[in-house]
Amino acid sequence: MLTLVSTSAIASPSDLIRVAVPIGVGIASAAYLTMKAMNKYDSSNADMPIPTVRIRPGDTSNDAEYDEDNDLFLARCEEEYGLVFNCSMKNQYLTVISGSLVREIFMTEELNFMDAVDEINGFRTFETSVLKSKHGPDSREIHEIVRDDITPFLPMFIPRIMEQLTTIVDDQLGHCENKLIEKPLGIFQDMVAGAMANVFMGPKIAKDPKVIDSFIQCTYDFAEVVGKDNNKKFWRRFKIRTKYGYMNPLQKHVRILTDAAAPVVLERRREETEAAENGVEYVRPLDILQRLLDNFDKYGFVDLEDICGHLLILVIASVHTTSDSSSNMCYYLAAFPECIDTLYHEQQQVLDQIEKERQASRQKKLESGEVVTEQGFEDTELDPKNDRDLSTSAIKRMVYMDSFIREILRCRTERLSLAHLARSDVKLSNGMVIPKGRQVHVNIRSVHQGFDNQDEDPTEFRPWRFVGKPKSATKISKDFLRFGMGRHACPGRFLAILEMKAIGSVIVSKYSKIEIQDRSKTKKALFCELGIPADTGLIFTSRH
Ligand code: HEM
């Protein structure tokens with residue numbers, strides 16, 4: 001197993017941010033436990049000010065030290081300052097919260113995630129410019145759409161998702177021997193965008209290349225205008241609001257989605273009217289567009305363009321996060337080739353088992369006379385040709401695949417992330433007060449790589465760590481924050497994990513070997529930050 005230690009072979013600071021666990025983590029964690037035992041900052045210290053991390057001589061902020069080895073830096077801070085400390089980073093003075101106090105960030109509505117996202121990238125300016133129905137800053141309709149109109153229907157989407165994923169893999173990778181794909185992210189974007197377009201807007205609209213292009217491109221357009229620069233907060237906000245408040249590239253994508261949806265919606269209306277006139281039941285198409293049309297009043301939509309604006313926000317939340325994570329998963333398959341064998345073996349066992357169960361069900365029906373001959377099963381639920389499909393049931397049973405994905409997400413999550421903004425002065429349970437207007441960042445290292453929170457070897461990638469444990473990849477817990485926590489925890493995680501498992505299953509079913517083009521870039525590729533693609537390709541070889 002590769003130990004996820006930092007390496008001096010990685011050159012640029014931004015590379016170093018992505019490399020997970022530091023050499024000094026053992027020492028640092030021991031120190032952290034000692035600090036906890038001493039309870040330096042317990043609740044009796046009610047007036048204890050938040051300590052400020054000293055800046056390394058020669059530096060003007062803590063950025064460079066963090067960039068060099070983010071785990072080592074955070075471990076040092078935990079050791080010297082405890083669970084809460086202030087840093088000068090990202091052109092601001094921000095507060096970092098670690099370990100057992102992290103939960104309080106997610107449980108306090110006054111520490112707000114969307115306010116921080118808005119402060120960082122001006123998200124609300126874009127949101128309001130593409131949504132015609134106006135909602136307050138705390139509205140939850142996007143969350144509710146995902147929770148109520150996507151998640152409950154996921155099992156029904158799987159056959160379509162699988163078909164889409166398989167077609168794209170066959171078209172773009174196909175049967176091959178040592179085929180180099182220099183930019184694999186592109187293939188995963190096509191897979192995820194195709195699958196999401198199918199789920200969100202139905203198979204017909206998902207065939208429109210302009211729609212697929214919008215599903216992929218809108219996140220880039222959004223990222224390009226908000227940038228990743230660290231301008232002073234006020235000027236960034238001012239620039240975003242004045243420049244993009246009324247006219248921004250996202251509106252073009254809303255128009256593309258609306259133009260594609262309009263004829264389909266009219267056709268659906270016509271069919272519904274016709275069904276009513278003929279006294280037959282109208283079979284509602286299964287996609288989110290239809291769910292939103294049916295819940296038009298509940299969500300207070302204004303028109304179809306407004307619905308498409310909401311779909312676009314969902315696309316921004318879902319397509320890039322899921323395709324980036326899926327692409328990263330393939331780098332892990334390449335870095336840990338023995339995982340491909342284990343996952344393939346699991347897949348075959350699961351499919352064997354399902355095939356047997358289906359044969360037994362058919363036998364039962366034949367014996368009872370419910371079905372007379374084997375041919376009677378054709379085009380039914382129990383059609384033998386579907387016995388070895390990667391079905392919802394098959395994917396659910398793949399516990400090794402699930403553990404593999406959770407472990408990747410645990411190892412890769414950026415060490416300082418999930419910023420929240422204080423809406424008012426917020427007092428933590430240890431007595432420290434976060435002042436209004438302060439950005440609070442979660443010290444993911446203390447949770448995902450902390451000896452306190454993880455079972456064993458938290459600094460190592462152990463793909464089967466969660467097998468046999470009640471910790472599926474979608475399960476939020478105090479030791480797993482990839483999808484946040486509490487009221488605002490990512491409602492799309494069920495779809496994201498389902499797609500990642502589906503993609504992983506398709507890949508291991510078709511390819512027996514994946515290699516990283518430039519092996520010296522392995523660690524960098526495994527830990528590349530969301531939004532920054534790995535700068536080396538993948539080489540695929542099919543199963544024979
Ligand atoms: C691997 C893929 C994904 C990752 C890593 C991810 C991660 C996150 C995180 C960290 C949050 C903030 C949680 C918090 O504040 O506690 C979030 C929020 C959210 N995510 Fe995801 N997400 C992913 C995929 C998706 C998908 C597929 C969808 C939609 C179908 C989605 C929709 C949302 C929404 C609507 C929110 C805002 C929830 C709220 O504020 O109440 N995400 N996501």
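This note comments on the fold, the ligand shell and the nonpolar cores of a predicted model.

1. Basis. In this predicted model, local features need pLDDT of at least 70 and side-chain atom pairs count only at pLDDT 80 or more, while totals for chains, interfaces and linings use all residues. Residues are numbered from 1 along each chain as its sequence is written.

2. Fold. The protein has 21 helices and 10 strands, taken as DSSP runs (helices H or I, at least four residues; strands E, at least two) and numbered from the N terminus. Of its 544 residues, 41% are buried, that is, with 20 or more other C-beta atoms within 10 Å of their own, C-beta atoms being placed from the backbone. Among contacts (C-beta atoms within 7 Å, placed from the backbone) with a separation of 6 or more, 78% join residues 24 or more positions apart.

3. Ligand shell. The ligand is surrounded by 27 residues, the closest being Ser318, Thr321, Gly484, Cys490 and Gly492; a residue is near if its C-beta atom, placed from the backbone, lies within 6 Å. Helix α15 (304-335) is one of the elements supplying at least two shell residues, and α15 gives the most, with 6.

4. Largest core. A nonpolar core is a set of buried Ala, Val, Leu, Ile, Met, Phe, Trp, Tyr and Cys residues joined through C-beta atoms within 7 Å. The largest has 93 residues, of which Leu165, Met196, Leu311 and Leu312 touch the most other members. To this core, too, α15 gives the most, with 15 residues.

5. Second core. A separate core of 37 residues includes Tyr81, Leu83, Ala419 and Leu481.

Key:
Buried ≥ 20, exposed ≤ 12 C-beta atoms within 10 Å, placed from the backbone. Contact = placed C-beta atoms within 7 Å.
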